[in-house]
Amino acid sequence: MTRKQRRLVLIGSSLAVLVLAVGLVLTALKDSIVFFNSPTDVIEKQVAPGARIRLGGLVKEGSIARGENLQVRFAVTDGRHTIPVTYTGLLPDLFREGQGVVTEGALDGTGTFKADSVLAKHDENYMPREVAERLKQQGHWRDDAQKKPGTAGKGSTP
Amino acid sequence: MIPELGHYALVLAFAIGVVQGFVPLYGARRDDPVLMGTAGPTAVAQFAFIAMSFAALTASYVGSDFSVVNVFENSHSLKPLIYKITGVWGNHEGSMLLWVLILALFGALVALFGGNLPAKLRANVLAVQSWIAVAFILFILTTSNPFLRIAQAPAEGRDLNPLLQDPGLAIHPPLLYVGYVGLSISFSFAIAALIEGRIDAAWARWVRPWTLLAWIFLTLGISMGSYWAYYTLGWGGWWFWDPVENASFMPWLIATALLHSAVVMEKRDALKVWTVLLAILAFSLSLIGTFLVRSGVLTSVHAFATDPTRGVFILVLLVVFIGGALALFAWRAPLLKQGGLFAPVSREGALVLNNLFLVTACGTVFVGTLYPLALEALTGEKISVGAPFFNATFGPLFLILLLAVPFGPLLAWKRGDLAGVAQRLMVAAGVGLVVMAGTFATVRGGPVLAPFVIGIAAYVIVGALIDLCERTALFRAPLRTALSRAAGLPRSAWGTMLAHLGLGVTLLGVVGETQFSSELVAQVKPGQTISLAGYDLRFDRMGTVPGPNYRDLVGQFTVQRRGEVVGVMAPSKRTFPSRSTTRTEAALMGRGFSQLYLSLGDAAPDGAIAVRLYHKPLVLLIWLGTIVMVIGGALSLTDRRLRVGAPKPAKGKPAMQPAE
């Protein structure tokens, strides 16, 4: 094999792997990404029933109702619109009324969101970033997460 | 007083770092041995001062000095001592201090054990290492000072995030940081080579042990982190393709590629420019990882900081270091003498193929991790790229790579015999096919792809063993010869064999867990029994157990199999009053390599409690495989060829020589 041929083999195989990877990435990006929506987005964009989305917002106060066999119904709200959600299974430790939540699933024909996963918040100050931003935009942001008693003294260098 | 000393020591380390960053470099330029000689002592002194600073912060934590903001926010006087200490790096400021401590440690190690490096290379490497340290110490001093005080010291601290109060936290971040930051040495070597404009096979021999060391710790750190997530988060997942996990996985992929390409460079004096580029990329991805985790662009348990000034500062560092390194590379790389080309079918060719796939696979992870951020910045559209994306892109690429893995070590350097190797791998392929068929026959239902992947795993494992048999002439020569050849094999050959074997073992665990797990979610009352995968669990009772700074609500379950009691599982809900938070403590029961996994949900008013029970076949193999890989890496690290300055191996009997 001449030098030229060897180089061609090298470049050719690199290109082949690259094309394969780009192809895989593009198909996967088409099929397996999930858009994040607030309840207002769902109403305004008229998200089709059956389309897989993430729905995020606050768990509406007083909306949690537990049924048989670990069925739970609650409502996710962003202050302007509210969407009822059903879920079957265990809820994360920090799932509470009035707290931020992100659920993943699809709308059914009646406008109820059937979630197959409810994402955990990691601690009591944590708010899913998308939720926090949407709430800020809509003026529902309560700044209590930032209120730490210690931060007042942060400027006092030794 | 102690926090002030710590702060002062950090400032001193910064000043020393500035000296270390410029004087040796100037000395190397002027060929002045005295100026170059300053690199060693300054590197050691820099490490000593950062260590003092770190010790001061640790002392403040152990002594529960709540006048320090950092201690107040992350500690509690009733916390067990171990979590007071691990709390030091359980927050943004402390973890950055640990970051620079490890960075300086590596610099000091090169200074102490790099005695036989050429003087210029050593001076340049330590200078570059110091630039990184100086930049990050400046970051800590200006935006993330852990030694700030509160004028009026509160009586009690706010306690550490309960998720982080776990033995996993004691080991996972330090291991990961040693791995992450350890790659800075390969980076510094690459930059030093570019500054000098020359590079040779010996360079690869000096870089390889450092990369290998970092790789070992990175592997351990990722594996521990995964196990930690598995048992603390309560839903039995061990890998989420979370951006933070990807941030540590990408450097691992590139470091693995670097280890392989450095072999080619060392043995065959080829692939030089490529190896230098990989060394730069590996640490660049570590920096990007630090940015992702520390800047708060992602919100997760790992992002302690959500302060934009910090994000911008790290972003600037990122641009300066990665941009600068790549610009230097573009400018100076043409100076490095190109090595020879080689036949596509050869050991070199196989290693290039390995590099090609590892780097491309890393590219897909990179796209999946950063695409959502880029899209949001450009269009404001928010998307989530989850496991399905990575399974569809990374998965196929890695499986193709695995098919090629057993070929590499069996091919000869320069010109390999593909047909001959394929013939020798027939046994492995045969075993793979038999295992595949066996799985098809015995497991009903289940995904169609799973038996194929199990077959590939078996093939990789047997392929690694065949490599060993070939080298020792087992089954061909008398056993005595084979044994003596095995004893004479270089340790790096054992290392290769074990690392590849471990890969197969991990794959087996991954398939077992992801494809054959079963799950049951139910509500149980005391006295009721639930059944899954042939196990019957009887819920005996609930009880409360107090801990030092928490309270446990424990459920006790008796586990039976075919009427025989095999053990007791006691999952709990752990409540931390100081943060009024609850954490689920899952109970795990090992059955061979498989596990039963039980975690508690909410209690209903009538005394019933929600439980989640999993049966996870072969799950322990995931981590066992990584341990095998790490042992392989460690064996390879002790190979005499890599002990710089070790005497050349004496010419022994031909039978004692490696068979290559």
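Helices (H or I, at least four residues) and strands (E, at least two) are DSSP runs, numbered from the N terminus. The views below come from a predicted model, in which local features need pLDDT of at least 70 and side-chain atom pairs count only at pLDDT 80 or more, while totals for chains, interfaces and linings use all residues. Residues are numbered from 1 along each chain as its sequence is written, and chains are lettered from A and ligands numbered from 1 in the order in which they are written.

**View 1. Overview of chain A.** Chain A holds three helices and seven strands, which follow one another along the sequence as α-β-α-β-β-β-β-β-β-α. Of its 158 residues, 29% are buried, a residue being buried if 20 or more other C-beta atoms, placed from the backbone, lie within 10 Å of its own. Among the contacts in chain A with a separation of 6 or more, 50% are between residues 24 or more positions apart; two residues are in contact if their C-beta atoms, placed from the backbone, lie within 7 Å.

**View 2. Packing of helices α3 and α6 in chain B.** Helix α3 (residues 39–62) of chain B packs against helix α6 (residues 92–113) of chain B at an angle of about 150°, the axes being 8 Å apart. This makes α3(B) roughly antiparallel to α6(B), a term for angles over 145 degrees, where angles run from 0 to 180 degrees between N-to-C directions and axes are lines fitted to C-alpha atoms, for helices over the stretch in contact. Residues that make the contact include Phe47(B), Ile50(B) and Phe54(B) of α3(B), together with Leu97(B), Leu101(B) and Ala104(B) of α6(B). The contact residues divide into 16 nonpolar, five polar and no charged; Ala, Val, Leu, Ile, Met, Phe, Trp, Tyr, Cys and Pro count as nonpolar, Asp, Glu, Lys and Arg as charged, and the others, Gly among them, as polar.

**View 3. The open four-stranded sheet of chain B.** The strands of this open sheet have the order β2-β11-β10-β9, with antiparallel pairing, and two strands pair if DSSP finds at least two bridges between them. Strands β2 (518–524) and β9 (587–591) stand at the edges with a single partner strand each, so one side of each is left without a neighbour in the sheet. Within the sheet, β10 (residues 594–603) and β11 (residues 609–616) pair over seven bridges, and Leu598(B) stands opposite Leu613(B) in β11(B).

**View 4. The hairpin of β7 and β8 in chain B.** Strands β7 (residues 572–576) and β8 (residues 581–585) pair in the antiparallel sense over five bridges, with Thr582(B) in β8(B) as the bridge partner of Thr575(B). Four residues lie between the strands of this hairpin, in which Ser580(B) takes a positive phi near 40°.

Conventions
Angles under 35 degrees count as roughly parallel, over 145 as roughly antiparallel, 65 to 115 as roughly perpendicular and the rest as oblique. A residue is buried if 20 or more other C-beta atoms lie within 10 Å of its own, exposed if 12 or fewer, and partly exposed in between; C-beta atoms are placed from the backbone.
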